[in-house]
Amino acid sequence: MKHSLRALPLAALALSALTLTPLAQAADPAALKQEAVANIKAFGGTLKGELVAAMKAGGPVNAIGVCNEKAPAIAASLSSPQGWTVARTSLKVRNTGNTPDAWEQAVLARFEERKAAGEDPDTLAFAEVVDRDGHKEYRFMKAIPTGEVCLKCHGAAIDPAVEAKLKVLYPDDKARGYAVGDLRGAFTLRKPVN
């Protein structure tokens, strides 16, 4: 049985606390959506706080270290305790470890189509229960729009000091050339449901 949640308003991300649902109840799409959204809020909020602090302390060059070291740790801390896998991905990845799988590529392409059709990038989300190697898995993605501050590391014109640091940490970087409002990527989550 497939369940789809096409668009999720940004307001739906404003949950006050992480809600955990026992695995026995995990097949409930509404409960899974609530957990996924709470994980995104926790991941995004924590990462944003770390990035803001790093930018204040040392500018964009300093903030690159947050994405390189702290973002994976934040994702890992949210992944293990509750059975979720929490990550970020994009059609143009900086970290090759975030390369989208086929399902994620298809959802990201749909997000681009929906944005081109006039949907607000802040509202783009998609959920589905899929069969993966004979097991049911709940998958959820929420778009990450490009903000003004993102352009310092992901825009068309990047400061030479930022460029140098990116080359060292991400030799296969493709995550450039974005403009404000572009889809920078998406949060991507999965959880076994059987």
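1. Let's start with T146, which sits in the loop that links β3 (135-145) to α3 (151-154). Helices here are DSSP runs of H or I with at least four residues, strands are runs of E with at least two, and both are numbered from the N terminus. T146 counts as buried because its relative accessibility is 4%; buried is under 20% relative accessible area, exposed is over 50%, and partly exposed lies in between (1.4 Å probe, protein chains only).

2. Beyond its neighbours within four places in sequence, T146 is in contact (heavy atoms within 4.5 Å) with L151, Y178, A179, V180, G181, D182, L183 and R184.

3. A word on the source: this is a predicted model, where local features need pLDDT of at least 70, side-chain atom pairs count only at pLDDT 80 or more, and totals for chains, interfaces and linings use all residues. Residues are numbered from 1 along each chain as its sequence is written, and side-chain values use heavy atoms, with hydrogens and water left out.

4. Next, L124, found in the loop between α2 (102-116) and β2 (125-132). L124 has 0% relative accessibility, so this residue counts as buried. Setting aside residues up to four places away in sequence, L124 touches F111, R114, K115, E119, M141, K142, A143 and L183.

5. On confidence, pLDDT (the predictor's confidence in each residue, from 0 to 100) averages 86 over the protein chain, and 86% of the residues score at least 70. Please note residues 1-26, where the pLDDT is below 50; this stretch has 63 contacts in the model beyond near neighbours in sequence.
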